[in-house]
Amino acid sequence: MTEPLVIRAARRRYSTVCVLFWLPLGLAIAPQVLLFTERGMTMAAIAGFFAAHSLTAAALELPTGGLSDVLGRRAVLATAGLLNLVALVLVGLGTAPWLLGLGMALVGAGRALSSGPAEAWYVDTVQAHCGPDAELRTGLARGAAATSAALATGTLVGGALPWLLGLGPDLGAQLSAATSGSVLPLSVPMLLGAAVEVVFVLYVLTALREPPRPAATAHDVLRGVPATVLDGLRLGSRDGLVRRVLLSAGAAGGALATVELLTPGRAAALTGTTESGAVLFAALACAGYLCHALGSHLAPLTARLAGGSERAILVSLGGGASGVLLLGATAAFQTVASTVLAAVGYALVYLGLGAAGPSENDLLHRRVASAGRATALSVQSLALQLTAALTGLAIGFLPAGPPRWLLGGAVLLTGAVLWIQRGGPTPPAPSATPEPQAASPALSAADPGPVTGR
């Protein structure tokens, strides 16, 4: 049976949204810390900026997820884009610590607002046209792959652009002189990202159409959001399968925190200087995102070969855990062989996490009703962020070398063990079936959407 054009259009639009949202944030990855240093910020201040980001995102995860379920996906996603637009301008042009801290906090707020609406829109659209048993994994995998590809591209461009501006006539120096130092070469990727955010907001408002929702008053929001948040917190307690998905997200957060905290120092030690280490780390980060994209793209095949989503998650998380453990086993050595093995381990981490994500979310969406879908995704994101924060703190108390890596590997391996089969398949929860909906006007066979995406 030919796949409906409406489903293909939904996948394209979802992938396009993922690219447009994450590309600006990818542009900021490489130059961000260097820009803060260029502005005269101490390492303690820079750590405070990142703490403002993480704490804001964690505090707003559940309330903003509930807001999306009450007000609608499009409005909340567009607001996330606007917050990121302001944040990138503040980070790119700000010189005072409070401005930079505010910019990082706004990035955290935008991250919290964006953690569920786009995916919830895609699932809502597909299920509205094909019913609750519609195939979701392919679209989720393409969205995850598009996200990773956007981050990889952004990291490369954001790292190369300031360097390119310093070549030849040194346009970067001319730009700094013309703006009295307000715009540095390291600021340019941030400002380019702000321009992409404008495109993102316009695309969301025009492409992600939703069925009309009842007009929400301030009273509706104040009453509906807390109730939805409480339902989200109860998800794991009343459904064992959802609980395993949430715990797996936390395990992934612990592994990512380990890799992202320890890789820059290891790269600098390998190359001999912090500057060359930063270049190597940018290349590794790009490679990691590409491996994550490849893993996400292969998620449907992995599930077919493994015999289902649960076994695919077990295999994928187990592969990622072996990658972290391989990084730990080679941490005490500086030989060519250990470096090659470490590179293989690094790739395995992102490949495994990329392959596991779409299958985890496929299971999650089949257990959660549409009215609480964005909240469920926010709970999942919150689990990842909190475990990442706790793992990062624990790493600080461990001796340097393999023990720090082994902690992250143990956390991810624990997440994989959760998926060892313990009996027959879990029957679907009754609450997961959404109420019948009229076909969404967002897409139709005559409106296949833009031919864009990853």
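Guide: Zero disulfides turn up in a search of the whole structure, a disulfide being a pair of cysteine sulfur atoms within 2.5 Å. This is a predicted model, in which local features need pLDDT of at least 70 and side-chain atom pairs count only at pLDDT 80 or more, while totals for chains, interfaces and linings use all residues. Residues are numbered from 1 along each chain as its sequence is written, and side-chain values use heavy atoms, with hydrogens and water left out.

Cys18 is buried at a relative accessible area of 8%, whereas Cys130 is partly exposed at 38% (buried is under 20% relative accessible area, exposed over 50%, partly exposed in between; 1.4 Å probe, protein chains only).

Now the part itself. Ala299 lies in helix H13, residues 299–306 (helices are DSSP runs of H or I, at least four residues, numbered from the N terminus). Ala299 is buried, with 0% relative accessibility. Leaving aside residues up to four places away in sequence, Ala299 touches Arg137, Ala141, Ala355, Pro358 and Ser359 (contact means heavy atoms within 4.5 Å). From Ala299 to Ala312 is 13 residues in sequence and 7.9 Å in space, C-alpha to C-alpha.

Helix H14 (residues 309–329) and helix H15 (residues 336–367) have axes that come within 7 Å and cross at roughly 155° (axes are lines fitted to C-alpha atoms over the stretch in contact, with angles from 0 to 180 degrees between N-to-C directions). H14 is therefore roughly antiparallel to H15, the term for angles over 145 degrees.

Technical notes:
Helix = DSSP H or I, 4+ residues; strand = E, 2+ residues; numbered from the N terminus. Parallel < 35°, antiparallel > 145°, perpendicular 65-115°, else oblique.
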